[in-house]
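Student: I have a new model open and want to learn how to read its contacts. Can you take me through them?

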Amino acid sequence: MSAASSATEPTAPRVRLLSRTVAASAIFVLMALIPVVSHLSDDPFLTLAFTRILVFAIAALSLDLILGFGALVSFGHAAYVGFGAYAVGVLMRHGVTDIFVQLACAIGLSAVFAAITGAIALRTRGVYFIMITLAFGQMAYFFFTSLSAYGGDDGMSLQNRSTVLGSDVLESNLVLFYVTLGTLVGLYLMATAIVNSRFGRVLQGTREDALRMQAIGFRPFRYQLAAFMIAGCMASVAGVLLANQAEFVSPAYMSWHRSGELIVMVILGGVGTLLGGIVGAVVVLLLEEWLSIFTTHWRMGLGLLLILVVLFSPKGIGGIFERVFGPRK
Amino acid sequence: MSARLEIRDLQKRFGALAVTDGISLDIAPGELHAVIGPNGAGKTTLVSQLSGQLRPDAGQVVYDGQDITHLDMAGRVRRGMARSFQITTILHGFTVLQNVALAVQARSGSSFRFFGRADAEAGLNDAAMVFLRQVGLADRAQDIARNLSHGEHRQLEFAIALATAPRLLLLDEPFAGTGREEAAQLLDLMQQIKGTQTILLVEHDMNAVFALADRVSVLVYGQIIATGTPDEIRANAEVRGAYLGEEETTASGAAGC
Ligand SMILES: Nc1ncnc2c1ncn2[C@@H]1O[C@H](COP(=O)(O)OP(=O)(O)O)[C@@H](O)[C@H]1O
Ligand SMILES: [Mg+2]
């Protein structure tokens, strides 16, 4: 009996953990080099464009937390991005420019909205869950469209970016880029910790078999709701950064197209890998830029790619990488 | 005497079908009580009502003197009622160790902990290993549960139930689908646990039932037609007619041992 050896840590998951860490580091380092490329190619727009990509990477990462690890397919996730953006826009209008105050409001509003809508949506499963989150997302969308004091349908431009403890450092595109990248890395590490924590294990156990979880004494609902709230709050951080990147706030950020696009990013990149959502955001937004040069029907090209990836690699782009670079079986 | 579990006039219908038709039963602490009956008799439905997965239409479930009829499954598990499923219910994508460690986690400390790797918690893993050793799965601890054989799945299901620190085990056909060797191993395990646990064993395998049970109840069409020691049940004419007759070979095989 080799009980001692079997009590040690598993080797296979450890290899995977290592290769994930390497992949994540590589991706983040490459991203950090974008401003350099931007400078060398004398294309200042590149840095700002990539800031937008990083923002959506944060949103996709947050969605993967519930979609990939809780099997909760939220079709209203863009609403939280919108809450973040409007927290900036509305507070700016009233002279509150500090980003920390704006973040606090964005997160607070998102937590409350997620708690209420999540508590209702989580009573359902599968397609019904998708439809209810979609309905709540559209409710938020139409609420802000009708808010004529804050631009209504048209949205509103921001005079300035947010201030950081009185300083206007974010006016620099370069600073905003690195702040966004830093936020993405920080939230990625946080999401990784959550997934591997006790809480994350309960969330994934519920994804696998909710009945089994109840049969060992868990009440899955509260864990799912907490995850739903955390993901919403994370997405609202993306919204705060998006408003600053675009210097513009619009209800279009919360439309169901945006929510659908976030789902596409996660599926394309690889569900339940955290890194996949980030890669998916980069790929989708770059393709969007690139395909729209050739055709106005770029969405069709994107759809085609999605179908191909799902057909040939159910684990998304991350799955392809894992197969090519991962440990041999 | 105070029973660990009292079932009082339990009723459950699915449409016109009375699947649980006024069942009353007491299970004493330390007893191994077997429930036998033909397929479709309502055995699983009974277990589901006892474990809180199904709400009965009428009647009561009293556990350690407390009415728990309206308590949910998780609440019952926390009070020490553990259940194994007829159709193996495990977390297939988790390792064997994780499956059991999660059951330990459920009863030790808060699971609203967002940092710190759960896999690295020695307290959870060590406790889980004790149960894996007990059921003979220690050397499979790091394997993904999906890759286990059917018999090993049954063992794992058992280890998970034990890991909830039960005071009452509800076992729904733990021998279902096991081969001869696996069944012998499980029987061994049951023999070990018997006496240290209170067990309600729903089983189709007559050999196992007559070898293990202190008392046996026979469930037919949602009603208990007889309760008694294995010998009394074997000798009961009504039971023979209603049920054992069709199991002649296995029943007589059991009588031989
Ligand atoms: N959810 C359900 N809805 C309708 N009928 C059911 C349901 N569950 C079980 N039944 C019926 O109830 C009867 C008893 O089922 P069950 O309790 O699984 O029997 P056993 O475990 O003794 O084989 C069967 O006739 C079965 O078809
Ligand atoms: Mg059954």
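Tutor: Start with one pair: Arg201(A) and Asp119(B) form a salt bridge, with their closest N and O atoms 2.9 Å apart. The term means a side-chain nitrogen of Lys or Arg within 4 Å of a carboxyl oxygen of Asp or Glu. Side chains of opposite charge can pair when their charged atoms come close.

Student: What should I know about the model and its numbering?

Tutor: This is a predicted model, where local features need pLDDT of at least 70 and side-chain atom pairs count only at pLDDT 80 or more, while totals for chains, interfaces and linings use all residues. Residues are numbered from 1 along each chain as its sequence is written, chains are lettered from A and ligands numbered from 1 in the order written, and side-chain values use heavy atoms, without hydrogens and water.

Student: How many salt bridges does the rule find across the interface of chain A and chain B?

Tutor: Four. Over all chains the count comes to 17. Another salt bridge lies inside chain A: Glu247(A) with Arg161(A), closest N and O atoms 3.3 Å apart. That pair links distant parts of the chain, 86 residues apart. Glu247(A) sits in the loop between α11 and β2 (248-249), and Arg161(A) in the loop between β1 (156-157) and α8. Helices (H or I, at least four residues) and strands (E, at least two) are DSSP runs, numbered from the N terminus.

Student: How is the size of an interface given?

Tutor: Often as the accessible area lost when the parts come together. Here the area is taken with a 1.4 Å probe and summed over both parts. Chain A and chain B bury about 3500 Å² between them, 61% of it on carbon and sulfur atoms. Arg198(A), Arg201(A) and Arg212(A) supply 28% of what chain A buries against chain B, more than any other three residues.

Student: How many residues does the contact take from chain A and chain B?

Tutor: It takes 31 from chain A and 44 from chain B, with contact meaning heavy atoms within 4.5 Å. The rule also finds 16 residue pairs in polar contact across this interface, both residues at pLDDT 80 or more. A polar contact is a pair of N or O atoms within 3.5 Å; within protein, one must be able to donate a hydrogen and the other to accept it, and residues adjacent in sequence count only if both atoms are side-chain atoms.

Student: Which element gives the largest share of chain A's side?

Tutor: α9(A), with seven residues. That side divides into 15 nonpolar, eight polar and eight charged residues. Ala, Val, Leu, Ile, Met, Phe, Trp, Tyr, Cys and Pro count as nonpolar, Asp, Glu, Lys and Arg as charged, and the others, Gly among them, as polar.

Student: Which residues are around ligand 1?

Tutor: Among them are Phe14(B), Pro38(B), Lys43(B) and Thr44(B), each with a heavy atom within 4 Å. For polar contacts, look at its oxygen atoms. A polar side-chain atom of Thr45(B) lies 2.5 Å from an oxygen of ligand 1. For a side-chain N or O atom of Thr44(B), the distance to a ligand 1 oxygen is 2.8 Å. Gly42(B) uses a backbone N or O atom, 3.0 Å from a ligand 1 oxygen.

Note on methods
Buried area is the accessible area (1.4 Å probe) that two parts lose on being put together, summed over both.
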